[in-house]
Protein chains: 2
Amino acid sequence: MFNQKNVALGETRSSIRELFEYGRKRKAEIGEDNVFDFSLGNPSVPAPKEVNECIKEIVDNTDPVLLHGYTSAQGDFSVRDFVAKSINRRFGTGLDADCVYMTCGAAASLTITLGALLTPGDEVVVPAPYFPEYKIFTESSGGMFVSVQTIEGTFGLDLSAIEKALTPKTRAVLINSPNNPSGAVYDEKSIKDLCALLKAHSEKFSPVYLISDEPYREVVYDGAEVPYIMNHYDRSIVCYSYSKCLSLPGERIGYIAVNSEAEEKGKLYAGICGAGRALGFVCAPSLFQRLIVKTDGLVSDISIYKANRDRLSSRLTELGFEVARAGGAFYLFVKSPEPDAKKFAERAKSHEILIVPGDDFGKEGYVRISYCVSPEMIERSLPAFESLAKEYR
Amino acid sequence: MFNQKNVALGETRSSIRELFEYGRKRKAEIGEDNVFDFSLGNPSVPAPKEVNECIKEIVDNTDPVLLHGYTSAQGDFSVRDFVAKSINRRFGTGLDADCVYMTCGAAASLTITLGALLTPGDEVVVPAPYFPEYKIFTESSGGMFVSVQTIEGTFGLDLSAIEKALTPKTRAVLINSPNNPSGAVYDEKSIKDLCALLKAHSEKFSPVYLISDEPYREVVYDGAEVPYIMNHYDRSIVCYSYSKCLSLPGERIGYIAVNSEAEEKGKLYAGICGAGRALGFVCAPSLFQRLIVKTDGLVSDISIYKANRDRLSSRLTELGFEVARAGGAFYLFVKSPEPDAKKFAERAKSHEILIVPGDDFGKEGYVRISYCVSPEMIERSLPAFESLAKEYR
């Protein structure tokens with residue numbers, strides 16, 4: 001008598017959540033310090049101290065009726081104008097306020113964007129490994145989810161795999177760089193090649209949009225550059241969230257930016273406004289809309305993530321594991337030493353190490369290790385990884 | 001090439017928004033004080049001062065990683081537990097934390113609830129006048145929107161009209177009391193009669209849920225009582241928002257409460273979790289989840305709304321208008337002195353009075369006047385209402 005798809009979705013917790021809940025129980029049994037929980041992508045570095053200062057300043061100095069009142073559905077005009085100008089300054093684009101739609105975070109950015117783009121039966125092509133919710137969001141918007149493999153080992157874009165997946169029903173390609181779960185950052189050449197491919201396909205068949213989900217844009221290491229897709233392709237949409245750069249994932253604030261050069265920009269933006277309305281979003285949280293104007297350019301102290309990455313990836317390599325070189329985000333994607341990564345993850349569990357099999361991200365034979373944890377936990381976990389490695393010698 | 005329904009929805013602004021935008025332009029032309037804008041339902045009374053104090057206190061005294069981090073998708077456990085106990089204390093129910101799902105406000109409460117309940121083709125019965133988004137939310141969830149008339153003049157429930165509208169495909173009845181736009185509060189007898197009707201229908205056909213959307217629960221006057229539907233019907237769901245009681249509409253915080261007595265409660269709650277996930281809500285804003293625990297029981301100073309209602313409704317009555325007696329919310333529903341309320345609203349516009357035709361709320365021949373405005377604007381508007389009345393003598 002209920003919507004069976006949604007009941008099933010609610011009953012089958014994602015295996016990431018499942019593992020996290022297991023971890024909670026296990027910690028209660030054997031002590032917090034004895035479980036090495038690498039399951040979740042919850043930022044472990046606090047928000048920059050300016051965030052809380054700005055919240056207090058905004059609360060003290062803004063008329064409360066205005067501060068806590070509804071903004072326009074697409075976001076406060078001055079906020080959207082600010083975001084557009086900030087993007088233009090950083091990436092040389094030509095956006096205005098009506099290219100920007102403020103959202104309750106990246107998930108909302110995606111469901112609203114897909115709601116605007118897709119008619120039932122339209123296809124969305126997504127390189128694997130991918131964030132598992134992409135499949136759910138695509139299907140709940142009536143679309144067909146088409147996953148394509150990336151290059152083994154680096155997890156960079158495999159252009160010929162994408163080319164083969166494109167059909168006249170392809171409405172969008174959805175990329176995520178820096179990538180969750182692989183940490184891969186797609187370089188400029190591969191973005192250019194992808195865009196050339198999509199341009200040719202759009203001319204031959206019907207227009208394909210390139211969606212870039214980039215909550216990890218600022219979480220990059222060793223000077224990695226994340227190309228801005230709007231500079232390479234007109235029919236492009238950036239889905240952004242402040243969750244990771246400002247360590248605010250629970251506050252739900254992000255945006256959709258539509259390329260001003262997209263031929264059908266007006267209709268697309270109207271579709272975004274319509275989808276946001278139909279899904280019940282009303283407006284992005286007003287206090288946090290104001291906050292992101294005051295904290296523009298600030299980034300949480302990602303040097304802690306970098307130190308975690310370096311420590312964990314060099315030790316795991318020493319222990320004989322194959323670790324993908326991660327240019328960004330806060331995940332290591334590690335090759336399972338046995339073919340079935342689920343079995344490997346189960347074995348890790350017996351050493352109190354909680355890691356997620358790549359199967360959930362559309363990529364078998366790998367596990368994801370979230371290193372957005374305390375450096376102390378990384379140190380404590382190393383002997384457990386050592387015992388785990390011994391089992392495979 | 002886009003989703004045409006959502007493009008159309010984005011292109012046709014609601015006429016309330018349209019009027020509000022007109023008002024903005026008109027104010028720029030002839031001065032802020034010379035336009036009498038009664039179009040929007042944006043609380044004009046500030047949040048209780050404790051709200052901002054609590055925000056600062058929470059920010060100062062909570063670990064920032066915890067404070068701004070993800071909560072469980074259904075809301076932080078301690079927050080849900082608190083809300084369940086608060087409902088139990090006030091209404092004598094037996095809810096626990098797993099009956100409560102925290103949301104980004106009432107609109108989200110509704111889209112998630114309808115997403116859980118409806119399979120394409122299911123019908124939702126809604127008494128008119130109704131909040132226009134109900135139709136959009138129902139249809140975007142795949143449901144059929146079935147509106148039924150209420151009792152002329154009082155806008156109380158018309159049980160025989162509801163009975164006629166029920167079919168084997170009816171999955172839910174959605175009520176809103178205190179009502180937007182009529183201000184009507186459904187009394188206990190009519191709620192009891194409605195529940196008896198739904199019980200009989202559920203036994204004969206398939207189960208019907210009663211959804212109560214009640215963001216205006218605390219905005220009542222003259223001691224009006226709003227019955228709690230869970231005390232009268234097991235298959236019941238309350239959609240709540242703190243937008244109006246705490247004057248926080250932009251911050252997006254509310255909840256869904258599922259009756260613990262509902263036979264299929266577990267499946268329904270799973271459907272709610274699934275729908276929330278599929279729509280991209282992730283979690284309700286974490287700072288505001290914590291806030292509502294600290295501000296439980298506080299209500300903005302609604303005496304200002306009451307004074308506005310009394311002043312405006314008595315003066316309009318003196319001028320010969322027929323004004324429905326409003327027990328709650330912050331709207332007057334006034335009979336149009338000519339059959340076409342759209343023409344009346346247009347004529348009011350020529351006197352710089354902005355009011356919304358009832359047609360948009362599924363009820364012709366009436367206009368909605370939002371009196372959540374400053375008492376000064378009410379005073380300034382009275383001569384304009386007088387000139388408007390003269391046109392109909």
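A salt bridge is taken here as a side-chain nitrogen of Lys or Arg within 4 Å of a carboxyl oxygen of Asp or Glu. The model is predicted: local features need pLDDT of at least 70 and side-chain atom pairs count only at pLDDT 80 or more, whereas totals for chains, interfaces and linings use all residues. Residues are numbered from 1 along each chain as its sequence is written, chains are lettered from A in the order in which they are written, and side-chain values use heavy atoms, with hydrogens and water left out.

The interface of the two chains brings 75 residues of chain A into contact with 75 residues of chain B, contact meaning heavy atoms within 4.5 Å. The size of an interface is often given as the accessible area lost when the parts come together. Between chain A and chain B, the buried area is about 6000 Å², with 58% given by carbon and sulfur atoms; this value is the accessible area (1.4 Å probe) that two parts lose on being put together, summed over both. A salt bridge joins B:K56 to A:D60, with the closest N and O atoms 2.5 Å apart.

Chain A is superposed on chain B by a rotation of 180° with 0.0 Å of shift along the axis, at an RMSD of 0.0 Å. The two copies are thus related as by a two-fold rotation axis. In chain A, the C-alpha nearest this axis belongs to A:K56 and lies 2.9 Å from the axis. Both copies use the same surface, since 100% of the contact residues of chain A recur in chain B. The superposition is by least squares on the C-alpha atoms of residues with pLDDT of at least 70 in both copies.

Within chain A, A:D222 takes part in two salt bridges described here. With A:K306, the closest N and O atoms are 3.8 Å apart. This pair links distant parts of the chain, A:K306 being in helix α12 (residues 303-318) and A:D222 in the loop between β6 (209-213) and β7 (236-241), 84 residues apart. Helices (H or I, at least four residues) and strands (E, at least two) are DSSP runs, numbered from the N terminus. With A:R309, the closest N and O atoms of A:D222 are 3.0 Å apart. Here too the pair links the loop between β6 and β7 to helix α12, over 87 residues. A:K306 counts as partly exposed at 29% relative accessibility, whereas A:R309 counts as buried at 2%. Relative accessible area under 20% is termed buried, over 50% exposed, and in between partly exposed (1.4 Å probe, protein chains only).

In chain B, a salt bridge joins B:K192 to B:E188, with the closest N and O atoms 3.5 Å apart. The two residues are four apart in helix α9 (residues 188-204) of chain B, and so about one helical turn separates them. Both are partly exposed: B:K192 has a relative accessible area of 45% and B:E188 one of 42%. In chain A, salt bridges that share partners join A:D222, A:K306, A:R309, A:D310 and A:R325 into one network.

Strand β12 (residues 366-370) of chain A is mostly covered, five of its five residues being buried. In a regular strand the side chains alternate between the two faces of the sheet. For β12(A), A:Y366, A:R368 and A:S370 are buried on one side, and A:V367 and A:I369 are buried on the other. The strand pairs in the antiparallel sense with β9 (residues 331-335) of chain A over five bridges, where A:K335 has A:Y366 as its bridge partner. Strand β11 (residues 356-357) of chain A is also antiparallel to β12(A), over two bridges, and A:V356 stands opposite A:R368. Two strands count as paired if DSSP finds at least two bridges between them.

Chain B contains an open sheet of seven strands in the order β2-β8-β7-β6-β5-β3-β4, with mixed pairing. Strands β2 (100-103) and β4 (144-149) are the edge strands, each pairing on one side only. On average, neighbouring strands are turned by 20° against each other, direction ignored. Strand β2(B) runs antiparallel to β8 (residues 254-258) of chain B, joined by four bridges, with B:V100 opposite B:A257. Helix α5 (residues 77-91) of chain B lies across β2 and β8, at about 115° to β2(B). Axes are lines fitted to C-alpha atoms, for helices over the stretch in contact, and angles run from 0 to 180 degrees between N-to-C directions.
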